[in-house]
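Please examine the sequence and the structure before reading the worked solutions.

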Amino acid sequence: MAEEEIAVVGAGVDVNTPGNATELAMAYLQDEKTDADVTNLNLGELDLTTDELILDEVDTHIQANLEDDLVKEALKTGVDLRQYSKQVEAELQRIEQASIKDYIKESQNIALLHNQITSCDSILERMEDMLSGFQSDLSSISSEIQTLQQQSVSMNVRLKNRQAVRSHLSQLVDELVVPGVMISTILDSPVTEQEFLEQLHELNNKINFAKELSFRETLACSDIQDIVDRLKLKAVSKIREFILQKIYSFRKPMTNYQIPQNTLLKYRFFYQFLLANERTVAKEIRDEYVDTMSKIYYSYFKSYSGRLLKVQYEEVADKDDLMGVEDTAKKGFFSKPSLKSRNTIFTLGQRGSILSPAELEGPILVPHTAQRGDSRYPYETLFRSQHYALLDNGCREHLFLSDFFMVAGNSALDLFNSIMGKTLSMFLKSMSTYVSDCYDSIAVFLCIHIILRFRAITAKRNIPALDKYWEAVLELLWPRFELILEMNIHSIRNTDPQKLGVLDTRPHYITRRYAEFSSAIVSINQTFPNERTNALLGQLQVEVENFVLKMAAEFPSRRDQLIFLINNYDMMLSVLMERAADDSKEVEGFQQLLLARTQEFIEEILSPPFGGMIAFVKEAEALMEKGQLDRLKNEEARITQLIRGFSSTWKQSVESMSQDVMRSFTNFKNGTSIIQGALTQLIQYYHGFHKVLNQPTFRSLAVRSELINLHHLMVEVKKHKPNF
């Protein structure tokens, strides 16, 4: 076989050629498998004659081996693969022998390692047994914990149930037990002691609890019922005696009943206890209080009202004291009063201050002090004092009743009326008597507004107890005020100017009465406006205006008529503006009348000295508007007379006119205003005169050169204006 290999090599076959590589490998493999491998070759069921034999797989296997890097390297270098195989086998044997020697050399260490591994296995086996034991123990502990948890929950439920039962039983026992301290305090301590009040609260709770248990038919209730009832009777007896004693103390003369009332309020629980446990005694106390306080209030206010009337003005208005009645020496409303502080009928004066907050809610009058000082007051002052005392006491009483007797709403009003009803009826009766014979309209109107303000005060305090009384008083006062006002309206309407004495251009006393009265009513009525009052004042104003016109008609000349009208309108306007608002209809009405009459009077006083010029200017201006001014071109003589007459007399005329105006009007300011208006109107007329003469029709007149320069005239006129 070696010889064959040599022969192949010696034949000069080039193994590096690509075409022979496969053939060489196949030949080598065939040579390797000869002899020794033939006997061991087991072809199985291989059938070389079958058509199914496929050599492609073998070729693929060979091709894959040829792709190996070592094989490629061997074939590329021309190495004999068989020799290379033997070298590899020899190397493997060598390495195997060396490995065996190493194993033999390290045999002791390997044996030691084996022993150590065996020891570790036994240790790990024991640890595994221990962990298994732990696992079983933990399983048993978990079941024990669950058992303990269930037992704990059960014990917790039983504990809560026992605590709940204990709290109820403890409360029941506490409520049932009547301590000795309570018994001794209720029996022996005065009712004014704080301990008595505290134990009374406890006793009230036990009584209520006993009632509740009796409804449930609890047997334990019978054990304490007797002692609780006896304590209740003792407490009721002591409370009844205490409260009745306080109520009886109200009846002592000169007693300030508000002090014991305040004491009762500190012990308001006493009445609550009686109302809950002994209604008959509570009703007895309530009835006794109502009877006592009703008599006290009635006696107090009756005495107080009677004493107040003693300090009223002795001289009061009667049915003849009307606005349109003749002003005689006997009845001089605006003359000096016969008494030092006599109240006037139509003038408000200082009477309106009664409505100011300081006086409205000021201290009430003390009659004996006023009598000692010989002081006298108008009726509205007494009325205010009387009703403020009623308001103060009524509010206090209503609050006391609501607090002490624990009533509210209609029940409180009924209880209040049972106490104050007699007093209020007495007030209404005495007021009805006074009002039926009263002719002082300002006093009645002030009383109305006092009531309106007091009603607002009680509403602000949220005290409805006196609301019906206020309405009843207003129902008495309003009709009387309207009646007096209508009587004054009729008196002015029926006045005969010829029976009022000597004619005088100065303001008439009837218009002065109206001005004072109207300004008083308007100023008072501004806070609480009333349409009916405004309507009656409107009627009164119409009648006064008619009266002034009737009086003016008695004067023979228009000039005197205008002076009379202006003086009266100015006086009424001045008085009204002192108290009424500038935009009130009364003020606006008289302002229009005064303006109209003043303008007419100015024309009237300018007419005598300057009437010719004024007539010419008006005539020329009318013709200028129509374009017919040429109709006056032949009036040269008239124009010459007007120019020269004005230039020679205007200063004297203005001076005379100013003096006459100042003598004719009582109001210096009004007279000054009229003079200024007249001079202004004069300048306007003269300016119109200049304008007419500047027209083409009159430009050729030589007399135009004698016209006074308008600016010079204005400077000279200013010198004649009164200065003040």
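**Exercise 1.** Determine where Val 407 is placed, and whether Val 407 is buried or exposed.

*Solution.* Step 1: Val 407 sits in the loop that joins helix H16 (379–404) to helix H17 (410–436); helices are DSSP runs of H or I with at least four residues, numbered from the N terminus. The model is predicted, so local features need pLDDT of at least 70 and side-chain atom pairs count only at pLDDT 80 or more, while totals for chains, interfaces and linings use all residues. Residues are numbered from 1 along each chain as its sequence is written, and side-chain values use heavy atoms, with hydrogens and water left out.

Step 1: the relative accessibility of Val 407 is 11%, so Val 407 counts as buried (buried means under 20% relative accessible area, exposed over 50%, partly exposed in between, with a 1.4 Å probe and protein chains only).

Step 2: apart from neighbours within four places in sequence, Val 407 is in contact with Arg 286, Leu 401, Ser 402, Ala 412 and Leu 415, contact meaning heavy atoms within 4.5 Å.

**Exercise 2.** Describe the salt bridges formed by Lys 283 and by Lys 651.

*Solution.* Step 1: the whole structure contains 22 salt bridges.

Step 1: Lys 283 pairs with Asp 287 at 2.8 Å, N to O. Both residues lie in helix H13 (residues 279–309), 4 residues apart, about one turn of the helix. Lys 283 is exposed, at 51% relative accessible area, whereas Asp 287 is partly exposed at 39%.

Step 2: Lys 651 forms a salt bridge with Glu 716, with the closest N and O atoms 3.9 Å apart. This pair links distant parts of the chain, Lys 651 being in helix H24 (residues 636–664) and Glu 716 in helix H26 (residues 710–719), 65 residues apart. Lys 651 is partly exposed, with 39% relative accessible area, but Glu 716 is buried at 11%.

**Exercise 3.** Identify which residues are linked with Arg 559 and Asp 560 in a network of salt bridges.

*Solution.* Step 1: the side chains of Arg 559 and Asp 560 meet in a salt bridge of 4.0 Å, N to O.

Step 1: Arg 559 is partly exposed, with a relative accessible area of 24%, and Asp 560 is partly exposed at 23%.

Step 2: the network joins Arg 559 and Asp 560 with Asp 660 and Arg 663.

Methods:
Helices (H or I, at least four residues) and strands (E, at least two) are DSSP runs, numbered from the N terminus.
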